[in-house]
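Trainee: I should like to learn how the terms applied to a structure follow from their definitions. May we look at one together?

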Amino acid sequence: MWHASREVLRRHVQSLLHTHDTPQRTAVAIGLGVFVGFSPFLGLHIVMALLLAFMFRLNRVAVLAGMCVNLPWFMGAYYAATTALGTWMLGSEVPPHLLVQLESIWELPHMRERIGALGGVLEPLLWPFTLGSLLCAAALGVLAYWLALPVLVSHRRRHPAGQTPSRP
């Protein structure tokens, strides 16, 4: 009885995760995850990744793993650089005394005032931020696909579908 239930559970999990996808589809899932992880839609990455994975019937774990490549300790530098790229591409300018304005926001007494002031200071950078990070996210997603594909193909050659690797 338990054996049959465990087998049914295993099939459901494999179906959910798409563990028998081709290396190309798994590489697409990783690339899509990297794109979402580096996209400008902060706070929506997990929701977007899962929606796109279900929509395109991709390996959910691979999409989420790709999304997690954008780690917190280099997000600030990445988004600053992509915003600078977007500013350059759009021909706009960074507001003068931006750092001084950002520092002065912390002196405001209430969080609501801080958020409103922050929005006012950063509003001119919205389009450069969006454009720059979307372009870089797309480039990084394509790069992730091309880096993941040979690794996945090599792994599939060593471990054909249906065979589990032997453990010493």
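Trainee: Leaving aside its neighbours within four places in sequence, which residues is T83 in contact with?

Mentor: T83 is in contact with L125, P128 and F129, where contact means heavy atoms within 4.5 Å. Before we continue, note that this is a predicted model, in which local features need pLDDT of at least 70 and side-chain atom pairs count only at pLDDT 80 or more, while totals for chains, interfaces and linings use all residues. Residues are numbered from 1 along each chain as its sequence is written, and side-chain values use heavy atoms, with hydrogens and water left out.

Trainee: What makes W146 exposed?

Mentor: The relative accessibility of W146 is 55%, so W146 counts as exposed. W146 belongs to helix 8, and its C-alpha atom is separated by 9.6 Å from that of Q24, 122 residues apart along the chain.

Trainee: How many helices and strands are there in the chain?

Mentor: The chain has eight helices and zero strands. Helices (H or I, at least four residues) and strands (E, at least two) are DSSP runs, numbered from the N terminus.

Trainee: How do you know that the span of helix 8 agrees with its number of residues?

Mentor: The expected span of a helix is 1.5 Å times one less than its number of residues. Helix 8 has 33 residues and should span 48 Å; its end C-alpha atoms are 47 Å apart, so the values agree.

Trainee: Where in helix 8 does a kink lie?

Mentor: A kink of about 25° lies at A148, shortly before the proline P150. The bend at a residue is the angle between axes fitted to the seven residues ending there and the seven starting there.

Trainee: What covers the buried residues of helix 8?

Mentor: The cover includes helix 2 (23-37) and helix 5. Among the buried residues of helix 8 are P128, F129 and A148.

Trainee: What lines the second largest pocket?

Mentor: Its lining consists of L42, Y79, A80, T83, A84, V94, L98, L122, L125, L126 and F129. Helix 5 gives the most to this lining, with four residues. A pocket is, on a 1 Å grid over the protein atoms alone, an open set of points where a 1.4 Å probe fits, with protein on both sides within 12 Å along at least five of seven lines; lining residues have an atom within 4 Å of a point.

Trainee: How do the lining residues of the second largest pocket divide into nonpolar, polar and charged?

Mentor: They comprise 10 nonpolar, one polar and no charged. Ala, Val, Leu, Ile, Met, Phe, Trp, Tyr, Cys and Pro count as nonpolar, Asp, Glu, Lys and Arg as charged, and the others, Gly among them, as polar.

Trainee: Why is L98 called buried?

Mentor: L98 has a relative accessible area of 17%, and so L98 is buried. L98 is found in helix 6 (residues 98-105). Not counting residues up to four places away in sequence, L98 touches V121, L122 and L125.

Trainee: Why is R57 called exposed?

Mentor: The relative accessible area of R57 is 59%, and therefore R57 is exposed. R57 is placed in the loop between helix 3 (45-56) and helix 4 (60-67).

Note on methods
Buried < 20%, exposed > 50% of the residue type's maximum accessible area, 1.4 Å probe, protein only.
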